[in-house]
Amino acid sequence: MLARTLCFALQGVNGEPVWVETDVSGGMGAFTMVGLPDTAVRESKDRVTGALRNSGYAMPGGRVTINLSPADLKKEGAAFDLPIAVSIIAASRQAALPRLESTLLLGELSLDGTLKPVRGVLPMVLAARQNGVKSVVLPEGNGPEVQSLAGMLVYPARHLTDVIGHLSGRQPLTAQLQVPYEDSLSRSEPALDLALVKGQQGARRALEIAAAGGHNLLMIGVPGSGKTMLARCLPGILPRMTFEEACETTRIHSVAGLLRPGQGLMTERPFRTPHHAVSVPALVGGGSDARPGEISLAHNGVLFLDELPEYAPNALEALRQPLEDGFVTISRVRARAQYQARCMLVAGMNPCPCGYFGSRIRACHCGEAAIRKYLSHISGPLLDRIDLQIEVDAVPVNEIAASAPAESSAQVRQRVQKAREKQLNRLQKARLHCNADMDGSVLKELCPLSGEAQMILSRAVEHMGISMRGYTRIIKVARTIADLEESPGIEASHIAEAVQYRALDSKYWGA
Amino acid sequence: MAYTKEQLARIWLQCAPMAAWTRLRAWQEQLGGPEQMWDLFSPDFHALLGDDVYASLADSREESCRTILRQLEALGARPLFLGDPDYPEMLSHVDKPPDVLFCRGDLPPQGTPAVAIVGSRASTRYGSSNARRIARELAEMGVTVVSGLARGIDAAAHNGALDGGGRTIAVLGCGVGRIYPSENRELYQHILDGGGAIVSELAPDAEPLPYHFPVRNRIISGLSDAVLLIEARMKSGTHTTIDDALRQGREVFALPGNVDAPGSELPLMLLRDGARICTCARDLIGDMGWQEKQPAQETFLDAPRPAEEADPILRALALEEKTLEELIAETGLSAGELGTKLTLLEINGKIERRAGRAYALRR
C-alpha cells in the first residue's frame with residue numbers, strides 16, 4: 001500500500017515542498033530510498049528501524065520503497081526521520097492515519113522513538129503556511145521557534161507514539177498557544193547596557209549617530225580602550241526588531257543550526273564577532289551545502305570585526321559586495337543559495353602596530369613607515385563604506401570608579417527610534433531604510449545644504465585634508481545628526497560635527 | 001673629468017670596505033702614501049687584508065677604478081679630496097677626516113654657518129615638530145642644516161630646512177648612490193633640488209651597514225659649527241654624535257623635553273652638564289654670536305599670548321593639548337556641541353587636531 005506525507009527541504013533560507021512517498025509490498029525484504037537523499041537522510045533508515053521497534057511498531061518484512069519527490073531536488077538533514085517513520089507505519093497498515101496528508105511532520109528520531117529538534121524549522125513552517133498547510137507536528141524543542149506565527153496550528157510532540165496517536169485521531173495533541181511577537185519582545189533584555197560604559201562621551205555620541213542612521217562605524221583606539229564593550233552596546237540601542245526582521249534573522253540562524261533548543265524567535269539583534277583568522281567562506285557564506293556566513297548571521301544586527309587590519313585582505317574584500325547590496329549569493333557544486341546580509345559593520349583597530357600611537361599612557365615606538373603599512377591593510381574601497389571613523393581613548397581607572405551613572409540604552413534607543421522614523425518617512429519613495437543607504441543622487445535630492453553649511457563643508461574639505469569620498473559621507477552623517485535633533489534641514493552645526501567623525505581622512509594621521 | 005694618478009689611488013683606497021680602513025691607513029703610512037700603495041699592490045697583500053678586502057681592492061685597481069668613476073658620473077657626484085680648496089674646511093680640522101668625500105649637489109660656500117640637528121629615529125610628535133620648526137627658522141636666517149637623512153628627527157630637520165628655503169646637507173651611512181631608508185626617497189630629491197648636498201665617505205654603492213653609522217656621525221658634527229640635540233635615549237646612536245662634537249670642539253645645544261618622556265634622557269643630561277638650551281633658532285644664533293640675516297619672526301618663548309580666552313575651549317587649551325573627553329569634562333559641553341565648535345575653531349586656524357583625538361592651540 002502507498003502512503004504520502006508532506007515535508008520540506010531547505011534551499012538556503014527557503015523551504016521547498018517535498019513529498020515522502022512510501023510503498024510497502026510483499027516479497028523479499030528490501031529497503032530503498034530514492035530522490036537524492038544526503039548521508040543524514042540515507043542513515044534515517046537505521047534510526048527509523050530502531051525507533052519503530054522501540055515504539056511498539058515494526059519495520060515491515062517486505063519490500064519498502066521510499067521516494068522523496070521531486071526527485072531532482074537534493075534533500076539533507078534529519079528532519080525527514082519523522083515523516084519517513086510515520087509513512088512506513090501508514091503504508092504497512094500498522095495504524096490508520098486519516099490526518100496524515102494534511103499535516104506537516106518534522107523531526108529527528110532517536111532509537112527509542114523520542115523526537116529531537118532539527119534545524120531550519122522556521123523557514124520550513126513558513127513555506128508550509130504559504131503552501132496552504134494548516135497544521136504541523138514538530139519536536140517540543142522547536143515549538144518556541146514558531147510560537148508567534150499566526151494561521152498555523154503547531155503541535156509539539158515528545159515521542160513517535162504521540163504523533164501516531166494524534167494522526168489517528170485516538171489521542172489528539174493540544175496545539176501550542178500563539179504568543180504575540182510583542183509579548184516576547186518585552187521580555188528581552190539588552191546583552192550589555194550603555195549605562196555600564198563609563199566616560200567615553202565622544203564614543204557614546206558616535207554610537208548613537210551610527211545606530212540612528214545605520215552607519216558603519218570604525219573605532220580606532222589603544223588596547224583596552226573599550227572598543228569591544230562599546231560595540232556590544234550597539235544592539236541594545238538599535239530600534240527593536242520588527243516581526244518581519246525577527247523572522248528574517250531567525251530563519252538564517254535556524255538554517256545555520258545556531259538556535260538553541262527551546263529558543264523562540266530572535267528578538268534581540270544579532271551581534272557577531274568572527275575572529276580575525278576567519279576564512280572567506282565562513283565570513284560571507286559557503287561550504288559544500290552553501291551555509292550562511294557571519295555577515296548573513298548578522299543580518300539586521302551588528303557584525304563586529306575587532307583588529308580590522310589583521311583580517312585577511314581577501315576576506316575584507318569579500319565583504320564589500322554584501323555590504324553594498326545587502327545580500328549575498330553563494331553558488332557551490334551541491335547547492336546555491338541567496339542570503340540576506342543587511343548588517344551594520346562595526347570595526348575596531350589599534351592606531352598603529354604597537355597600539356599606542358597618540359596615547360598618553362605609553363610611548364609609541366612605531367616608525368612612520370610601519371604605521372602607514374599597518375593602515376594600508378584596509379583598502380580604500382572598504383573604508384569608503386564606513387561613514388563614521390572615530391578615535392577612542394582609554395578611560396583612566398580612577399574615573400571608571402568615580403563617574404556618575406550614565407544614560408541607559410533604553411533612553412538612547414528612544415531617540416534612535418524617533419530618528420529612524422523620520423528617515424523612513426523621507427526615504428520611503430527611494431525605497432531605502434536609513435540614511436546610510438543613500439547614494440549620490442538621493443543625497444542631492446533629499447539632503448540640500450543651507451548656504452552656511454555648504455561653506456563650512458567646503459572649508460573643512462580644503463583645510464582638513466578630507467577626500468572627496470569623505471564629502472558625501474559627511475553629508476549623510478550630518479543628515480542623521482539633524483534627524484536626532486529633529487531639525488528639518490541640514491545646518492552648519494550638523495556639518496561641523498559630522499566632520500569630526502572622519503579620523504582617517506585627517507592630515508595629522510601618521511604625519 | 002681627468003684624475004691624477006694620486007687622486008685615483010685615493011679614491012681607490014677610500015672605496016675599500018670600512019672594516020679595512022685602519023689597516024689600510026697603517027700600510028699607507030708604511031709604504032709612503034696612496035700612490036705607492038697603488039704601485040706596490042700585489043697578491044702578497046692577500047694574507048694581510050683578508051679575502052673580501054683584497055678582492056675588492058684588486059678588482060677596482062685592475063680596471064683603474066673605472067666602475068667607481070662611472071657610478072660617480074652617473075649620479076652627478078664628485079669626489080672632494082682632503083687638502084683641496086673645495087674640501088669643507090671645518091671637516092679638514094677634525095680627527096681622522098675622510099680622505100675623500102663623495103658629494104652630490106653643492107656644498108655651501110666655505111664659512112657659511114652650519115648647525116647639525118640630530119636625534120632619535122623613533123621621535124615623538126613633540127620632537128619632530130620642534131626639529132622641523134627650528135630647522136626652518138635656522139634656514140630662514142641663512143644657516144645650513146646638517147643631518148643624517150634617517151627617519152624621525154633627521155627627516156624633520158631636513159624638511160624644516162627645505163620649508164625655510166634653505167640649504168641642507170645629508171651625511172649618509174651608505175654610498176651616495178643609495179637611499180636609506182627608502183621612505184626618504186622624495187626627501188633625498190628635494191634636498192638636491194633645494195640646492196643642498198648629499199655626502200658620504202663610502203663607496204657610491206656601499207650598503208647601509210650598522211657599523212657605518214657611528215663612524216659617519218663624526219662627519220655630521222665635523223661639517224657643523226654647532227650640534228643641536230632634539231630627542232634621544234641615553235643609549236642611542238645619537239650619543240656618538242654628541243661625543244664626536246665635544247671632541248671636535250663644537251658647541252652643543254639641546255632642546256629641553258618633558259622630564260617624564262624617555263626621549264628627554266639625553267637632552268636633559270646634557271643640559272645639566274652644561275649644554276646650551278635651545279628653544280628657537282634665535283637662542284642658538286645669539287649664543288653662537290652670529291649676525292642675524294633677518295630679524296627672527298615671532299619666537300617660541302616670547303610669543304604674545306593674546307587675550308582671546310573668552311572662548312572656554314581656547315581657555316582650556318591654553319597650556320597644553322587636551323583630549324575630547326577632557327574638554328567635555330572641563331567645558332561642560334556635550335560631545336555633539338563640542339564637535340561642532342571644534343570643527344569651526346579648526347577651520348578658522350585656531351586649533352589643530354592630533355592623534356588620539358586630542359586638540360591643541362595652533363602656533
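At what angle do helix H16 and helix H19 of chain A pack, and how far apart are their axes? In this predicted model, helix H16 (residues 409-427) of chain A packs against helix H19 (residues 468-484) of chain A at an angle of about 115°, and the two axes lie 8 Å apart.

**Chain A overall**

- Chain A contains 20 helices and 18 strands, and its C-alpha trace spans about 90 × 50 × 45 Å along the principal axes.
- Of the 511 residues that make up chain A, 50% count as buried.
- When contacts in chain A are taken between residues at least 6 apart in sequence, 76% of them join residues at least 24 apart.

**Helices H16 and H19 of chain A**

- The crossing that H16(A) makes with H19(A) is right-handed.
- On the H16(A) side the contact involves A:Arg415, A:Ala419, A:Lys422 and A:Gln423, and these meet A:Thr480, A:Asp483 and A:Leu484 on the H19(A) side.
- By residue type, the contact of H16(A) with H19(A) consists of two nonpolar, two polar and three charged residues.

**Helices H2 and H3 of chain A**

- Helix H2 (residues 44-54) of chain A packs with helix H3 (residues 81-91) of chain A at an angle of about 55°, with 10 Å between their axes, and H2(A) and H3(A) are therefore oblique to each other.
- The crossing in which H2(A) passes H3(A) is right-handed.
- H2(A) contributes A:Ser44, A:Arg47, A:Val48, A:Ala51 and A:Leu52 to the contact, while H3(A) contributes A:Asp81, A:Ile84, A:Ala85 and A:Ile88.
- The residues in the contact of H2(A) with H3(A) comprise six nonpolar, one polar and two charged.

- Five strands of chain A, in the order S11-S14-S17-S10-S18, form an open sheet in which the pairing is parallel.
- Strand S11 (271-272) and strand S18 (388-392) of chain A are at the edges and have a single partner strand each, so one side of each is left without a neighbour in the sheet.
- Within this sheet, strand S14 (residues 302-305) of chain A runs parallel to strand S17 (residues 344-349) of chain A and is joined to it by four bridges, with A:Leu303 standing opposite A:Leu345 in S17(A).
- Helix H7 (residues 201-213) of chain A packs on the sheet, where it touches strand S10 (217-221), S17 and S18 of chain A, and its direction makes about 160° with that of S18(A).
- Helix H8 (residues 227-237) of chain A lies across S10, S11, S14, S17 and S18 of chain A and runs at about 170° to S17(A).

**Antiparallel strands in chain B**

- Strand S10 (residues 322-323) of chain B and strand S12 (residues 358-361) of chain B run antiparallel and are joined by two bridges; B:Lys322 has B:Tyr359 in S12(B) as its bridge partner.
- Strand S11 (residues 351-354) of chain B also runs antiparallel to S12(B), to which four bridges join it, and here B:Glu352 has B:Ala360 in S12(B) as its bridge partner.
- S11(B) and S12(B) form a hairpin with three residues between the strands, in which B:Gly356 takes a positive phi near 85°.

Technical notes:
Residues are numbered from 1 along each chain as its sequence is written. Chains are lettered from A and ligands numbered from 1 in the order in which they are written. This is a predicted model: local features need pLDDT of at least 70, side-chain atom pairs count only at pLDDT 80 or more; totals for chains, interfaces and linings use all residues. Axes are lines fitted to C-alpha atoms, for helices over the stretch in contact, and angles run from 0 to 180 degrees between N-to-C directions. A crossing is left-handed if the near helix is turned anticlockwise from the far one by less than a right angle, and right-handed if clockwise. Two residues are in contact if their C-beta atoms, placed from the backbone, lie within 7 Å. Ala, Val, Leu, Ile, Met, Phe, Trp, Tyr, Cys and Pro count as nonpolar, Asp, Glu, Lys and Arg as charged, and the others, Gly among them, as polar. Angles under 35 degrees count as roughly parallel, over 145 as roughly antiparallel, 65 to 115 as roughly perpendicular and the rest as oblique. Two strands pair if DSSP finds at least two bridges between them. A residue is buried if 20 or more other C-beta atoms lie within 10 Å of its own, exposed if 12 or fewer, and partly exposed in between; C-beta atoms are placed from the backbone.
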